[in-house]
Amino acid sequence: MDLVHGKCWSSSKKDSWKNTLLLAYQSLGVVYGDLSISPLYVYKSTFAEDIQHSDTNEEIFGVLSFVFWTLTLVPLFKYVFVVLRADDNGEGGTFALYSLICRHAKVSLLPNRQVADEALSTYKLEHPPETKNSSRVKMVLERHKSLHTALLILVLLGTCMVIGDGLLTPAISVFSAVSGLELSMSKEHHQYAMVPITCFILVCLFALQHYGTHRIGFCFAPIVFTWLLCISALGLFNIFHWNPHVYQALSPYYMIKFLKKTRKGGWMSLGGILLCITGSEAMFADLGHFSYAAIQIAFTFLVYPALILAYMGQAAYLSKHHHSIHKIGFYVSVPESVRWPVLAVAILASVVGSQAIISGTFSIINQSQSLGCFPRVKVIHTSEKIHGQIYIPEINWMLMILCIAVTIGFRDIKHMGNASGLAVMAVMLVTTCLTSLVIILCWHKPPIVALCFLLFFGSIELLYFSASVIKFLEGAWLPILLALFLVTIMFVWHYATIKKYEYDLHNKVSLEWLLALGPSLGIARVPGIGLVFTDLTSGIPANFSRFVTNLPAFHRILVFVCIKSVPVPYVLPDERYLMGRVGPTTHRSYRCIVRYGYRDVHQDVDSFEAELITRLADFIRYDWYKTQGILDTHKEDATSGSVSGASSNECRLAVIGTIPAFETDNSLQPESVSIDFPTIDSITGIEMEPMTIPQRKVRFTVENESEIDVGSEMEVRMMEELHDLNEAQQSGTAFILGHSHVRAKQGSSLLKKMAINFGYNFLSRNCRGADVALKVPPASLLEVGMLYVV
């Protein structure tokens, strides 16, 4: 389905403060659920074994100082003031950074790039003056193919760590919230009740995913807002009641004292301290749903102060309680009179935080799939109004099983914290590296600026990352193992996808071969529409020649359909369809390139089929009026060549949309067409030249209707073509897809043979088929067996 992208960021300057504050409030439930519940487990994880809380309070004050400066430097300075500005048309996340880099430098491994894609509204490529040094960095990146692969692996690694965070966050959040029962139950009862209760809540959480968060999302923001007020009030109470001078511990001096006293134990405890910034990446990843100002206001004026007060309050309480009977944790600092209400709010807040990261996992897997980096899975859009609300059944149940396994296997916050901390820091390191490239390539800042950003924030994150890696045997092995497994799957799938495309490119057949097919060769044209799906943007795919060889007939209306992804977050519906002819008008063959962004959700087959035929009819009208000289051409940069020949038709494509016609003056865009005549729907056409031909800008206008001879031969032939299309639609539509088997060519290395012959084919057999991913009805499906030797 095509959804309206109501982006608040596009008109942020016009938005009133009231709307901005409302967005800031709504962002609490989506963006800050994970970050706001970190006080539940930070101190408990930090003081698990590596350091002990002593009467001098140097340990607790040192941890508080580390927490304060970590929250200040990473979420506040790095994300709010720098990274959030590296948005891709208002979208954030790992793929947004990668998309920006790919548009400003030729480092993408996607093979079907077209110059036509640069005319998209969301491409938004500016060309300010580049410095000599930034151009040099760009040249080095573009020259070495190995750097392209390394960049993709870095992005995939960050993606896999986000998926790992989606597995670990629900487990540690719910487990920490439920741990408050330990103060109201005996040790024996608590030991046997914690894990079952946590597992029950997790099962309920994942079982409700298919309803979509929009059905219960209205209560997310109030829950998180109530939780933030709760921890703020508790923090203020503990500060004034137990230790009003705890603010002195915010000085960096206490960090130095802490490390001098605890030495190796203090360094290893950093793996628990870093949990205070879990969920910070969500501020950037969920930027597309809110505005930059809304996220900035919510964090700066509510979330950040609430978290600081919460940590200071816990430290103030612990500074006056040194006895061993008091366990380090959140609930010990909660007054007994309000412990049960706080426990209830904490559990609800942990569920909200878990929900946000699960939805984020669905989104990033959908993005990976759109870029050919993940096996095909079924994506269900759960809301007709809210863009981006998706549900992936296979991933949901896998996450549920793994979450329950982690809960049962670890059964303590220490091991879960070690695993979660490593995943969080790995994602942040990837974001820091990619943002450094954005600073050079996209913002055109001197490389020294990017280097300073990388060294400053990278050194902080590497310090925490090293403290997590050292605990490999104590839980940190899980995200590493999961990331290696997922990166292998994603890279093998992407590698085989590229090789299949190259095979198709080298084995496509010529247009002359298609035009020669006819009764003289025993080839019949049968009623109906044949949609031949291919990855090629030009030429006749080999699977169609295989189809005609085995079944000497094809449909009266033939459409070669290419579903391609472009490095933009989304494509406007009116720019989605690129239409063109394949051969002369009498052959009734067409090419349709359907473009999607990495955050777009593909249409249902019924709406896709109906819209494709509607756009095809619009293209037929447009093409007849243009090619027969009805349109008056106003040349600006160059003359427009004829499109009546077969070769011209094969290289010229037009964007067919439903918005009112427009004229463009942007010299960076390819040839643009503006049509407005009353006899057909309003059509927007943008002619795209092949990459070897210079881009041109042409405006077309239509003469008065009275000057058009409706009884002319052109009108009759156009109506005949539209009549043929209508009759073919009534006869039915067949979807022709390739059913591929891939095999490594002889002489390939053992590693390649294992990756292709076993890895890719196993994934291909056990993931969703292309027909399911494209939502093709089985009754209309024709599969053509293809063997790829790559």
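What is the volume of the largest cavity? It is about 120 Å³.

## Model and conventions

This is a predicted model: local features need pLDDT of at least 70, side-chain atom pairs count only at pLDDT 80 or more, and totals for chains, interfaces and linings use all residues. Residues are numbered from 1 along each chain as its sequence is written, and side-chain values use heavy atoms, with hydrogens and water left out.

## Cavities

Rolling a probe the size of a water molecule over the atoms shows where empty space is left. Here a cavity is a set of points, on a 1 Å grid over the protein atoms alone, where a 1.4 Å probe fits but cannot get out. Grid points are joined across faces, edges and corners, and a volume is the space filled by probe spheres set on the points. By this rule there are 9 cavities of 30 Å³ or more.

The largest cavity is lined by 12 residues, and the closest to its centre are S108, L110, R113, D117 and P567. Lining residues have an atom within 4 Å of a point. By class, the lining of the largest cavity holds 5 nonpolar, 4 polar and 3 charged residues. Ala, Val, Leu, Ile, Met, Phe, Trp, Tyr, Cys and Pro count as nonpolar; Asp, Glu, Lys and Arg count as charged; the others, Gly among them, are polar.

## The chain and its confidence

The chain has 25 helices and 13 strands. These are DSSP runs, numbered from the N terminus: helices are H or I with at least four residues, strands E with at least two. Of the 790 residues, 58% are buried. Buried means under 20% relative accessible area, exposed over 50%, and partly exposed in between (1.4 Å probe, protein chains only).

Mean pLDDT, the predictor's confidence in each residue from 0 to 100, is 80 for the chain, and 82% of residues reach 70 or more. Residues 631-649 have 46 contacts beyond four places in sequence; residues 659-708 have 142. A contact means heavy atoms within 4.5 Å.

Helix α1 covers residues 17-31, and its end C-alpha atoms are 20 Å apart.

Helix α14 has 32 residues and reaches 47 Å from first C-alpha to last, close to the expected 46 Å. Of its residues, 24 are buried, so α14 is largely enclosed by the rest of the structure. Just after α14, G372 takes a positive phi of about 70 degrees.

Most residues other than glycine have a negative phi. R263 has a positive phi of about 50 degrees. R263 sits in the loop between α10 and α11 and is exposed because its relative accessibility is 63%. H444 has a positive phi near 55 degrees. H444 lies in the loop between α16 and α17. At 10% relative accessibility, H444 is buried.

## R525 in strand β3

R525 belongs to strand β3, residues 524-534. Its relative accessibility is 29%, so R525 counts as partly exposed. The C-alpha atoms of R525 and H555 are 5.2 Å apart, though 30 residues separate them along the chain. Leaving out residues up to four places away in sequence, R525 touches F554, H555, R556, I557, H587, R588 and S589.

Notes
On a 1 Å grid over the protein atoms alone, a cavity is a set of points where a 1.4 Å probe fits but cannot get out, and a pocket is an open set with protein on both sides within 12 Å along at least five of seven lines; lining residues have an atom within 4 Å of a point. The expected span of a helix is 1.5 Å times one less than its number of residues.
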